[in-house]
Amino acid sequence: MWWSNLFKNMSSASFFNFSFLPKYAAFFVQGVEYTLLLAVVSVALAVLPALLLALMRLSKSKLIRGLSGAYIAVFRSTPLLVQLSIIYFGLFGVINIPRYSLFGFVDLSRFIPGVVALALNSSAYVAEIFRAGILAVDAGQMEAARSLGLSKFDGMQLVVLPQAIKNVLPALANEIITMVKESSICSTLGMAELMFGAKAVASSTYITLAPYTLAALIYFCINFPASKAIEAIERRMRRGDKQ
Amino acid sequence: MATSNEIIRVEHVCKTFDGGIKALDDCSLTIGQGEVVSIIGPSGSGKSTMLRCLNLLEVPTSGKVIVDGVDITADKVDLDKHRRKMGMVFQHFNLFPNMTVKRNITLAPVRLKLKSRAEAEADAMRLLDRIGLADKADAYPSMLSGGQKQRIAIVRALAMQPEVMLFDEPTSALDPEMVGEVLDVMKELALAGMTMVVVTHEMGFAREVGDRVIFMDSGKIVEVNTPSELFDHPQHERTRLFLSKIL
């Protein structure tokens with residue numbers, strides 16, 4: 001390609017020596033797809049457990065509150081890489097997943113443990129997001145529901161949660177952004193996401209730096225516009241809330 | 001007017017909050033069928049707590065609340081069922097902001113299978129018509145004035161066909177020009193024979209519409225009497241002091 005000449009005299013340690021691109025672009029394209037798949041699927045899977053954890057956290061029973069609190073504490077106070085390793089070698093050392101390949105490049109025997117680890121980790125954070133969202137709904141809403149004879153469950157489901165969910169959507173979207181970044185850790189266990197792609201290219205071309213520069217650029221170009229968009233939506237929602 | 005047919009009896013209710021604040025101190029009272037009882041008193045006197053104990057939004061620390069002959073403070077009482085019989089109107093309306101006016105009104109009756117959706121909607125429209133807000137059925141609460149919101153909150157409670165209506169300072173959060181429209185709805189309700197317990201600062205309402213007035217101070221029921229007696233011939237020094245400050 002015409003721009004291949006641009007990189008001719010660049011050192012292999014140069015920031016922008018992208019001469020590997022014509023041959024290795026697929027690593028990055030598939031890497032991005034894998035990364036987005038990891039992030040979106042793991043946060044989506046985290047939503048229901050997180051809701052359960054949040055409701056448990058707000059329970060009257062000390063035991064139930066404690067169980068949820070312990071889960072959240074464990075997952076927030078240990079590194080994701082450690083959690084990932086324990087789940088991959090521990091949990092999925094026992095459970096065997098067939099080496100089935102999704103879309104041709106997503107190896108389920110690695111993808112599923114990765115997603116499970118990210119989802120378990122994310123659910124601890126999302127639980128706190130939900131808890132804050134539920135507490136942000138005026139207590140009078142639940143009282144009004146109860147005064148009409150609705151059960152606590154109905155009041156939560158029909159009145160409080162729909163308002164809470166709307167409040168937490170931006171935070172939830174931010175959690176996906178966090179996961180896009182955090183999922184890079186999955187490269188250590190051979191999941192072919194973006195960071196893994198960059199590593200693979202670096203080691204097969206001996207161009208040691210530029211693949212990572214490119215990965216950084218790609219991460220930035222996904223996350224920065226996304227976070228700006230979320231901010232804009234948040235601002236609009238706040239305006240809509242004014243009564 | 002007051003009859004001997006009692007519907008609510010409160011026996012020696014005490015309420016101490018977590019911080020150790022004693023909001024209610026040995027309060028007893030009875031409310032008869034069709035009676036309109038106003039609760040007045042300085043702020044922090046326990047009026048709202050008293051009212052909220054009547055449908056157990058606040059659980060008494062000790063004492064009994066007996067509704068229709070059933071002690072609702074006992075364990076294993078189906079509170080949800082009891083609360084259906086007691087409509088409540090809040091100072092800050094507490095309409096559900098994510099639902100239309102019509103849905104606010106029909107939510108509980110439909111969910112609790114007391115009415116079909118069609119019936120509930122017909123009832124809602126009839127009730128809205130009565131307060132002149134039928135055209136707001138599909139509006140959201142944020143599009144309404146405070147007075148409109150509170151009238152709809154009253155209608156929402158009425159849609160459950162309650163035996164008793166509890167009002168917790170229903171006009172305190174309203175702009176002055178909107179107080180009248182809410183009080184008018186309440187007067188109409190009283191005239192229709194609804195049993196009402198009203199925590200209020202509207203002395204005019206208490207005097208004109210109420211059958212009895214309860215004066216509370218520091219968590220205690222100080223004086224209970226007919227409006228004319230209580231306002232014109234207060235028996236207790238504290239009642240006299242309070243009335244002299246506000247009238």
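**Figure 1. The order of elements in chain A.** From the N terminus on, chain A runs α-α-α-β-β-α-α-α-α-α. That comes to eight helices and two strands, where helices (H or I, at least four residues) and strands (E, at least two) are DSSP runs, numbered from the N terminus. The C-alpha trace of chain A spans about 75 × 50 × 30 Å along its principal axes. Please keep in mind that this is a predicted model, in which local features need pLDDT of at least 70, side-chain atom pairs count only at pLDDT 80 or more, and totals for chains, interfaces and linings use all residues. Residues are numbered from 1 along each chain as its sequence is written, chains are lettered from A and ligands numbered from 1 in the order in which they are written, and side-chain values use heavy atoms, with hydrogens and water left out.

**Figure 2. Where chain A meets chain B.** Here 19 residues from chain A and 24 residues from chain B take part in the contact (heavy atoms within 4.5 Å). Between them, the two chains bury about 1900 Å², 56% of it on carbon and sulfur atoms; buried area is the accessible area (1.4 Å probe) that two parts lose on being put together, summed over both. There are six residue pairs in polar contact between chain A and chain B, both residues at pLDDT 80 or more. A polar contact is a pair of N or O atoms within 3.5 Å; within protein, one must be able to donate a hydrogen and the other to accept it, and residues adjacent in sequence count only if both atoms are side-chain atoms.

Figure 3. Three salt bridges link chain A and chain B, each a side-chain nitrogen of Lys or Arg within 4 Å of a carboxyl oxygen of Asp or Glu. Have a look at B:R52, which forms a salt bridge with A:E143, with the closest N and O atoms 2.6 Å apart. On the side of chain A that touches chain B, α5 (139-147) and α6 (152-182) of chain A each supply at least two residues. Of the elements there, α5(A) gives the most, with seven residues. Sorted by class, this side of chain A has seven nonpolar, eight polar and four charged residues. Ala, Val, Leu, Ile, Met, Phe, Trp, Tyr, Cys and Pro count as nonpolar, Asp, Glu, Lys and Arg as charged, and the others, Gly among them, as polar.

**Figure 4. The four-stranded sheet of chain B.** Four strands form an open sheet in the order β2-β1-β4-β5 (chain B), with antiparallel pairing; two strands pair if DSSP finds at least two bridges between them. Because β2 and β5 (70-71) of chain B stand at the edges with a single partner strand each, one side of each is left without a neighbour in the sheet. Strands β1 (residues 6-16) and β2 (residues 22-32) of chain B pair in the antiparallel sense over seven bridges, and B:K15 has B:L24 in β2(B) as its bridge partner. Five residues lie between the strands of this hairpin, where B:G20 takes a positive phi near 90°.

**Figure 5. The six-stranded sheet of chain B.** This open sheet has the order β6-β7-β8-β3-β9-β10 (chain B), and its pairing is mixed. Its edges are β6 (86-89) and β10 (220-225) of chain B. From one strand to the next, the twist averages 15°; axes are lines fitted to C-alpha atoms, for helices over the stretch in contact, and angles run from 0 to 180 degrees between N-to-C directions. Strand β3 (residues 36-40) pairs with β8 (residues 195-199) of chain B in the parallel sense over four bridges, and B:V37 stands opposite B:V197 in β8(B). Helix α6 (residues 176-191) of chain B packs on the sheet, touching β3, β7 and β8 of chain B, and its direction makes about 145° with that of β8(B).

**Figure 6. The hairpin of β9 and β10 in chain B.** These strands, β9(B) and β10(B), pair in the antiparallel sense over five bridges. B:D217 has B:K220 in β10(B) as its bridge partner. Two residues lie between the strands, and B:S218 in the turn has a positive phi of about 45°.
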